[in-house]
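Dear colleague,

My notes on what was found in it follow directly after.

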Amino acid sequence: MNFDYNEEQQLLADSLRRYLQAQYSFEQRRKALDGSPEVWAKFAEMGLLALPLSPDYGGFGGGAVDLMAIMEAFGEALVVEPYLATLMASRLVARAGSAAQKSAVLPAVAEGRLKMAFAHTESGARYDLAAVKCAATKSGDHWLIDGEKKAVQGAPVAGKLVVSAAAAGKPRLFLVDRSAVKLSPRRSLDSFLEADVVLARAKAEALDGGLAEIEEATDFASALICAEAVGAMKFSCDTTLEYLKTRKQFGVPIGTFQALQHRIVDMVIAHEQAKSMSCLACSKIDFSENAKDRARAISAAKIKIADAARHVSHEAVQLHGGMGMSEEMKVSHAFRRLAVLARQFGDADHHLARFASL
């Protein structure tokens with residue numbers, strides 16, 4: 001299998017990396033953790049927000065494979081903008097919204113005028129996508145939603161939320177303005193903005209979608225975070241190798257010690273294996289018409305990514321010594337990000353059970 005990007009994908013990835021290196025260094029990132037309008041506008045200008053959307057709404061019709069290089073670059077730079085949250089919610093609108101809803105939402109996303117979030121996770125649900133306690137009741141031309149969602153990434157800066165709620169005993173999807181909900185914002189372990197969302201008779205518009213669309217969007221997002229984890233692992237391997245070349249002990253670089261050479265080689269191998277599984281996951285999202293086949297590939301990738309993320313992040317910190325866990329070192333933030341990515345949308349145990357059931 002050819003894992004190389006085509007010319008257009010590579011040019012976009014190179015352009016994005018140059019921008020992130022110049023305008024999104026580790027220090028610049030720390031100063032803009034609450035979000036930067038300039039960064040988001042640049043993402044829109046580069047076409048990153050429009051890439052996965054239909055050309056009918058100002059997009060380019062790209063898929064998960066086209067987004068792989070972007071997510072890897074985001075992983076290397078530890079980008080905290082709510083890119084994936086917006087892509088996930090807009091994908092649900094694109095697949096389950098009416099023509100009027102798509103026209104109102106998708107062009108605004110493509111142009112960078114609207115950020116979105118997907119509010120689905122609830123207390124006690126773990127990774128069960130069907131566990132929805134929020135209730136939706138019909139009221140005239142609209143719906144009213146009552147309930148609470150937990151740890152909704154990107155909610156504090158989102159203009160609209162796609163919310164799951166139970167109607168007639170089944171999960172359904174609804175479009176809700178942020179002004180209709182109450183938020184409790186906080187920052188996650190890996191510095192992302194998130195919030196618990198309280199819906200008290202929140203006015204909503206129904207989307208024509210349910211559990212099948214939620215599962216597909218979650219698999220889509222899972223494939224993309226696999227690619228992001230690959231980028232974070234690449235940074236961890238590169239910065240650790242550079243440290244081994246420059247840190248001296250007993251008058252020589254510690255990279256000359258054979259035991260440490262073996263450990264960095266194992267890190268690189270884990271990264272390459274993870275990249276292969278990421279390619280498989282993204283290709284299945286784009287080209288597999290069988291939901292079961294897609295789900296098995298996503299779960300297999302998540303299992304491997306979780307294992308590789310743990311190994312690479314732990315080794316990177318250990319080979320840096322005590323300073324590897326300091327707040328001032330980017331490698332410690334990569335450690336946190338990889339810890340979250342390994343569990344986001346299902347940890348290794350969950351996906352192992354899911355893979356076995358399929």
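In what follows, a helix axis is a line fitted to C-alpha atoms over the stretch in contact, and angles run from 0 to 180 degrees between N-to-C directions. Please bear in mind that this is a predicted model.

Overall form

The protein contains eleven helices and nine strands. Its radius of gyration is 21 Å, close to the 21 Å that the globule rule gives for 358 residues, so the protein is as compact as a globular protein of that length. Along the principal axes, the C-alpha atoms fill a box of roughly 80 × 45 × 40 Å.

Helix packing

Two packed helices are described by the angle between their axes and the distance between the axes.

Helix α7 covers residues 211-246 and helix α8 covers residues 258-287; their axes come within 9 Å and cross at roughly 160°. Because angles over 145 degrees count as roughly antiparallel, α7 is roughly antiparallel to α8. The crossing in which α7 passes α8 is left-handed. As to the residues that form the contact of α7 with α8, 17 are nonpolar, four are polar and three are charged.

Helix α9 (residues 291-320) and helix α10 (residues 330-341) have axes that come within 9 Å and cross at roughly 160°. That angle makes α9 roughly antiparallel to α10. The crossing of α9 and α10 is left-handed.

Aromatic residues

How many aromatic pairs does the structure hold? There are four aromatic pairs. Ring pairs join W40, F43, F74 and Y83 into a cluster.

Arginine side chains are also found over aromatic rings. R91 lies over the face of F220, 3.9 Å from the ring centre. In the case of R296, the charged end sits over the ring of F355, at 4.2 Å from the centre of that ring.

With kind regards

Terms used. Residues numbered from 1 in each chain as written. Predicted model: local features only at pLDDT ≥ 70, side-chain atom pairs only at ≥ 80, totals over all residues. Heavy atoms only, no water. Phe/Tyr/Trp six-rings, centres within 6.5 Å; stacked < 30°, edge-to-face > 60°. Lys NZ or Arg CZ within 6 Å of the ring centre and 35° of its normal. Helix = DSSP H or I, 4+ residues; strand = E, 2+ residues; numbered from the N terminus. Parallel < 35°, antiparallel > 145°, perpendicular 65-115°, else oblique. Left-handed = near helix turned anticlockwise from the far one by under 90°. Nonpolar A, V, L, I, M, F, W, Y, C, P; charged D, E, K, R; others polar. Rg over C-alpha atoms; globule rule 2.2 N^0.38 Å.
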